[in-house]
Amino acid sequence: MNTTSQISQLLQGELIGNPDIVITGPSRIEEGGAGTITFLANPKYEAFIYHTQASAVVVSKEFKPEKEISATLIKVDDVYQSLSTLLQLYEQQEQLPIGIATTAFVSNKATVGKNVSIDHFTVIYDGVEIGDDAIIFAQVYLGKGVKIGSGTKIYPGVKIYHDCVIGNNVIIHANTVIGSDGFGFSKSEDGSYLKIPQNGNVIVEDDVEIGSNTVIDRASIGSTIIRKGVKLDNLIQIAHNAEIGEDTVIAAQAGIAGSAKIGRHCIIGGQVGLAGHIEIANGTMIQAKSGLSSSVKAENTRLYGYPALDYGHYLKSYAYFKKLPELAEKIKKLEKELDKILNGNG
Amino acid sequence: MNTTSQISQLLQGELIGNPDIVITGPSRIEEGGAGTITFLANPKYEAFIYHTQASAVVVSKEFKPEKEISATLIKVDDVYQSLSTLLQLYEQQEQLPIGIATTAFVSNKATVGKNVSIDHFTVIYDGVEIGDDAIIFAQVYLGKGVKIGSGTKIYPGVKIYHDCVIGNNVIIHANTVIGSDGFGFSKSEDGSYLKIPQNGNVIVEDDVEIGSNTVIDRASIGSTIIRKGVKLDNLIQIAHNAEIGEDTVIAAQAGIAGSAKIGRHCIIGGQVGLAGHIEIANGTMIQAKSGLSSSVKAENTRLYGYPALDYGHYLKSYAYFKKLPELAEKIKKLEKELDKILNGNG
Amino acid sequence: MNTTSQISQLLQGELIGNPDIVITGPSRIEEGGAGTITFLANPKYEAFIYHTQASAVVVSKEFKPEKEISATLIKVDDVYQSLSTLLQLYEQQEQLPIGIATTAFVSNKATVGKNVSIDHFTVIYDGVEIGDDAIIFAQVYLGKGVKIGSGTKIYPGVKIYHDCVIGNNVIIHANTVIGSDGFGFSKSEDGSYLKIPQNGNVIVEDDVEIGSNTVIDRASIGSTIIRKGVKLDNLIQIAHNAEIGEDTVIAAQAGIAGSAKIGRHCIIGGQVGLAGHIEIANGTMIQAKSGLSSSVKAENTRLYGYPALDYGHYLKSYAYFKKLPELAEKIKKLEKELDKILNGNG
């Protein structure tokens with residue numbers, strides 16, 4: 001049971017209003033009922049704060065109400081960080097009992113750390129090593145020699161092929177596949193394709209989170225590498241020998257082709273496509289759905305389009321694209337007028 | 001055993017030809033052999049009707065043959081609906097025995113209705129409720145507190161995280177994931193990302209069908225909602241807190257970003273991308289591969305492009321895009337001619 | 001243990017340098033250490049050959065070094081094919097014991113060939129036929145009547161719905177779904193959708209490889225067909241009744257809509273979208289992210305854009321798209337100058 005004043009203290013906030021309301025959980029600003037706490041981060045939702053039924057609202061220190069607000073306010077430095085803290089306070093995580101379910105298959109040549117949970121119908125092969133406090137949900141497959149770090153959480157149905165290495169405090173969501181063969185073939189003279197064996201692996205460093213139904217292929221030689229702190233959304237394709245730099249964030253359904261190398265702190269939008277063998281500088285931001293076929297050398301560039309241009313450039317060109325019918329009309333008119341001048345036509 | 005006259009009666013059609021042919025099953029018009037019944041709905045395939053080996057063809061009442069047709073015709077009001085009825089007549093569905101496979105894990109704190117099938121290696125956790133006549137195929141995972149309505153069918157490998165709610169007569173195809181964490185992080189000062197817990201759930205209402213390998217993330221707070229009658233194809237991404245309106249249809253590989261709200265009776269093409277926090281009016285139609293970054297307020301708008309414009313506008317602008325090399329040439333010529341006039345050059 | 005001279009013989013190459021180095025495995029040219037063999041195929045990486053620590057490098061017979069190279073060279077006709085041979089030599093494949101895991105469910109009405117491996121928690125239903133030497137990994141689902149050819153490899157978590165037919169020497173990677181219902185509905189008068197049963201199946205011919213988390217839907221009537229030698233990458237959507245021609249290659253996240261028919265030896269880039277009911281001629285090449293909405297009749301056409309144009313045409317038009325702001329400026333200037341001439345304004 002937390003009161004508004006206790007929550008304000010937890011968030012190191014400034015309380016304006018009633019310090020004694022008992023808060024049962026967080027709510028969304030457009031839905032929040034009595035006894036809940038909500039938040040205002042995106043200014044698009046400001047109108048709701050003047051009517052919300054929530055008992056308390058977390059707002060930015062900069063927030064200046066335009067009308068009266070009946071809810072108690074808690075003013076904080078960083079609304080999203082406070083929201084995160086609040087959500088942790090009320091989180092109800094799925095818990096698994098510690099130990100190995102009797103219905104799991106765990107090779108006697110695997111090494112399992114302390115306080116590990118391994119759930120039903122999971123398969124763990126020879127030579128696998130699992131660090132302390134790891135949670136392996138149901139129906140997971142860990143091929144020979146896979147390493148799983150401490151505190152790492154593998155959700156149901158994830159398949160990790162042999163010899164891949166997953167770091168500490170990694171989260172991998174359901175039905176994601178790690179370490180399947182890269183897409184490599186050589187063309188025969190008769191036009192058929194010969195498989196190039198994919199002998200490498202995948203390395204996922206610490207603190208990475210990977211969404212559901214994503215695929216990261218193993219390298220042909222060496223490793224496909226997902227660096228520390230990377231966040232990958234759902235349904236993403238990472239091809240063989242790609243490398244994703246530290247703290248880079250990639251949204252859903254993006255695709256990174258083979259041997260592409262993405263720098264640190266990049267933000268890559270949903271459904272973006274990156275060609276193979278290109279390098280992307282640190283801090284690059286790529287607008288959703290863009291296609292990138294060449295390297296980006298300057299840091300912190302913002303890109304947009306297909307193929308991608310500088311963000312502002314694409315917007316400007318596209319604004320004229322919209323006006324192309326009128327521009328074509330103008331050209332026609334100019335031609336006619338000029339023809340009149342030159343040839344006396346008309 | 002059904003004869004052409006029996007089928008004609010079933011379809012409330014008008015029979016032209018032989019009423020006594022025994023029909024063994026449906027076929028495609030370009031392949032159909034003797035004893036089969038086929039259909040003509042798409043005029044693109046009309047040429048085949050004059051040569052088909054099928055014994056009978058379902059056609060629209062409006063259909064006027066241009067040549068002689070040897071097959072028996074059954075004329076109906078709605079060819080697709082009749083096809084659907086016909087296919088049901090000959091359907092061979094995968095059947096599961098009623099009851100719980102001895103190899104499944106079902107918590108003794110779960111509630112299972114009447115006539116339910118639960119297949120091998122499926123995991124059903126505490127507090128799960130499953131309605132009557134539901135069919136849960138093999139290797140499915142239902143986390144704590146998940147609710148499954150009556151008559152709902154969950155195909156192999158589907159994973160549903162804790163506390164999600166699935167309605168009646170829902171179909172969810174293989175390896176789809178429902179309720180995995182939304183993609184929410186707050187940026188720390190050192191550039192790393194802090195996970196924002198995702199405490200909400202997913203609600204899927206009655207009569208929804210969801211394809212294979214699709215992902216619907218749980219809300220951060222509140223619910224991600226798929227309304228009654230929605231049809232989702234394969235490999236679709238639905239992000240946290242999105243809402244899809246009644247009877248909206250979304251084709252494969254489309255992506256709906258966080259908190260987007262799509263109206264009723266919309267048709268969204270394959271590989272379309274919708275930005276977060278936008279609202280789409282009822283009846284909106286979005287052409288395949290389009291990208292939408294702002295709200296659509298007028299109902300029944302048809303959109304196309306990246307970013308999306310009015311459908312006709314995009315087509316027109318793109319027609320001039322194709323002619324850009326010529327337009328540029330014309331501008332150059334105009335400049336030269338004008339230069340001649342103004343400066344006497346040339 | 002292989003020496004450089006043994007490897008050179010195996011590759012039918014020409015050795016320049018030390019024939020007696022023991023090679024422990026392959027490496028990438030930018031990382032390769034002593035005792036490894038690397039290769040130079042893509043000229044982008046040529047700079048590395050002059051500094052590589054690898055003991056040997058496979059190069060093309062045409063390769064002419066610009067500086068001195070300390071590594072031993074093996075000159076071959078086809079570097080990629082040699083690489084493939086080399087990788088096979090050092091491959092460490094995941095091996096399964098022959099036989100059926102005691103934890104698998106195999107119907108006694110299924111037929112299993114010689115030397116077959118079936119791993120833990122796999123489900124094999126009535127009427128399934130599995131050819132000799134097939135390998136079925138863990139947690140796979142084969143519905144009633146599925147046929148699997150000889151030497152075929154099905155990775156963990158793959159789900160194949162009833163009555164689908166998989167050929168010989170096929171490879172299907174983890175969590176891919178084959179034979180789920182096509183996306184077919186007819187619209188009722190009240191705006192809701194009625195499911196059209198999908199009574200057909202999927203046929204995958206010999207020597208096909210399919211990546212992870214890909215979906216191939218069953219036909220409504222007849223078969224969705226993947227012809228001999230086709231290579232499909234990860235996260236691809238193949239809709240009902242589509243047909244992919246022999247030795248066609250499709251990169252990740254591409255989507256092929258219903259009843260599309262793709263010819264032989266096509267190359268389809270990542271994230272490409274193909275509309276339904278179109279036909280693509282043999283040898284068509286489609287640039288990544290393109291969208292195709294009409295048939296391609298001429299063989300060996302190269303396409304690009306959204307909707308796709310001839311490759312060179314799109315590049316040219318896009319070059320002018322980039323210059324649209326300048327072109328618009330020029331038009332404005334022309335208008336002003338002409339106005340001056342015609343009306344004496346200025």
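**A tour from helix α4 of chain A**

In this predicted model, begin by selecting A:Y314, A:S317, A:Y318 and A:F321, which are the buried residues of α4(A). Looking down the helix, you will find that these residues cover an arc of only 100 degrees around the axis, which puts them on the same side of α4(A). An α-helix has 3.6 residues a turn, so residues three or four places apart point the same way. Next, pick A:G312 and A:A319, both of which are exposed on the other side of α4(A).

Now show the whole of α4 in chain A, residues 311-322: its twelve residues reach 17 Å from the first C-alpha to the last, close to the 16 Å expected at 1.5 Å a residue.

To see how chains A and B are related, superpose chain A on chain B, which takes a rotation of 120 degrees with 0.0 Å of shift along its axis and gives an RMSD of 0.0 Å. The two copies are thus related as by a three-fold rotation axis.

Finally, move to chain B and colour its open sheet of twelve strands, which has mixed pairing and runs in the order β8-β11-β14-β17-β20-β25-β28-β31-β34-β37-β39-β40. The edge strands, each pairing on one side only, are β8 (99-100) and β40 (308-310) of chain B. Inside this order, zoom in on β28 (residues 231-232) and β31 (residues 249-250) of chain B, which pair in the parallel sense over two bridges, and where B:K231 has B:V249 in β31(B) as its bridge partner.

Note on methods:
Residues are numbered from 1 along each chain as its sequence is written. Chains are lettered from A and ligands numbered from 1 in the order in which they are written. This is a predicted model: local features need pLDDT of at least 70, side-chain atom pairs count only at pLDDT 80 or more; totals for chains, interfaces and linings use all residues. Helices (H or I, at least four residues) and strands (E, at least two) are DSSP runs, numbered from the N terminus. The expected span of a helix is 1.5 Å times one less than its number of residues. A residue is buried if 20 or more other C-beta atoms lie within 10 Å of its own, exposed if 12 or fewer, and partly exposed in between; C-beta atoms are placed from the backbone. The arc is that of the directions from the helix axis to the C-beta atoms. Two strands pair if DSSP finds at least two bridges between them. Copies are superposed by least squares on the C-alpha atoms of residues with pLDDT of at least 70 in both.
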